[in-house]
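Subject: Structure handover and findings

Hello,

Here is the structure you asked to look at. My notes follow below it.

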Amino acid sequence: MDSERRRRWDEKHRGRPAGGAPEAFVVQALALLPTLGLALDVASGRGRHSLLLARRGFRVVAADYSEVAARALKIAVDEERLPIFPAVLDLDTFPFVRDSFDLIVNVNYLDRALFPEFMRALRAGGAIIADTFVDLPGSPSHPISPRFMLKPGELAALLPGAEILRSREEMVSYPDGSRAWRAGLVARRA
């Protein structure tokens with residue numbers, strides 16, 4: 001990623017505290033999984049899912065491109081003494097080794113090329129929770145490019161061979177009144 005893109009991501013997070021409301025699908029998905037081990041929060045931002053995971057018993061690597069987001073998360077980590085390790089990195093060069101994680105959480109970040117990397121980075125029996133936007137004709141608009149949105153039915157196809165524990169593709173309504181088509185799944189590596 002170039003410096004202009006980094007600046008835009010840093011500006012998105014500047015002056016905002018860590019955390020925020022996690023996606024409801026992630027909260028529900030955690031009920032299906034053990035709450036111990038090492039988790040990776042992909043494109044973690046200011047850590048809304050990292051904080052949730054750590055409070056539920058995981059040690060968490062919070063990977064994001066924004067240094068500003070990582071600093072905001074680090075403040076919360078230090079205050080609560082949580083086992084979260086913010087890592088500023090470019091996810092285009094997925095730096096994690098095979099069999100590293102018990103859980104990978106990937107919300108609102110879609111790089112199709114990373115899904116095979118996620119499966120390699122999971123330990124046997126490890127799980128992935130993925131949840132993002134679906135590009136459907138006539139759906140409410142979303143400010144991201146359709147390139148970064150799933151096609152209907154695409155999410156499960158990105159994880160061939162994984163055991164799908166739960167999946168959904170539906171319109172989601174948010175407290176602020178906005179709505180979006182989303183796809184989510186929980187899958188386990190065999």
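Is Glu 23 buried or exposed? Glu 23 is buried, at a relative accessible area of 7%. Buried means under 20% relative accessible area, exposed means over 50%, and partly exposed lies in between, with a 1.4 Å probe and protein chains only.

First, the ground rules. This is a predicted model, in which local features need pLDDT of at least 70 and side-chain atom pairs count only at pLDDT 80 or more, while totals for chains, interfaces and linings use all residues. Residues are numbered from 1 along each chain as its sequence is written, and side-chain values use heavy atoms, with hydrogens and water left out.

**Salt bridges**

The rule is a side-chain nitrogen of Lys or Arg within 4 Å of a carboxyl oxygen of Asp or Glu. The count by this rule is 13 salt bridges.

Glu 23 pairs with Arg 48 in one of these salt bridges, and their closest N and O atoms are 3.6 Å apart. This pair links distant parts of the chain, 25 residues apart. Arg 48 sits in helix 3, and Glu 23 in the loop between helix 1 (3-13) and helix 2 (24-30). Helices (H or I, at least four residues) and strands (E, at least two) are DSSP runs, numbered from the N terminus. Arg 48 is partly exposed, at 22% relative accessibility. Both residues also belong to a salt-bridge network that includes Asp 131, Arg 168, Glu 170 and Arg 182.

Arg 189 forms a salt bridge with Asp 99, with closest N and O atoms 2.6 Å apart. Arg 189 lies in the segment after strand 7 and Asp 99 in the loop between strand 3 and strand 4, so the pair ties together parts 90 residues apart in sequence.

Arg 120 is partly exposed at 35% relative accessibility. Glu 117 is partly exposed too, at 26%.

**Strand pairing**

Two strands pair if DSSP finds at least two bridges between them. Strand 6 (residues 163-173) and strand 7 (residues 179-188) run antiparallel and are joined by ten bridges. Val 172 has Ala 180 of strand 7 as its bridge partner. Five residues lie between the strands of this hairpin, and Gly 177 there takes a positive phi near 95°.

Strand 2 (residues 58-64) pairs with strand 3 in the parallel sense, over five bridges. Val 61 has Phe 85 of strand 3 as its bridge partner. From strand 2 the chain crosses through helix 4 (residues 67-80) to strand 3, a right-handed β-α-β crossover. Right-handed means that, with the strands pointing away from the viewer, the path from the first strand over the helix to the second runs clockwise.

Ala 43 has a positive phi of about 50° although it is not a glycine. Ala 43 counts as partly exposed, at 23% relative accessibility.

Asp 99, the salt-bridge partner of Arg 189, also has a positive phi, about 60°, and is not a glycine. Its loop runs between strand 3 (84-88) and strand 4 (101-107). Asp 99 is partly exposed, with a relative accessible area of 35%.

Best regards
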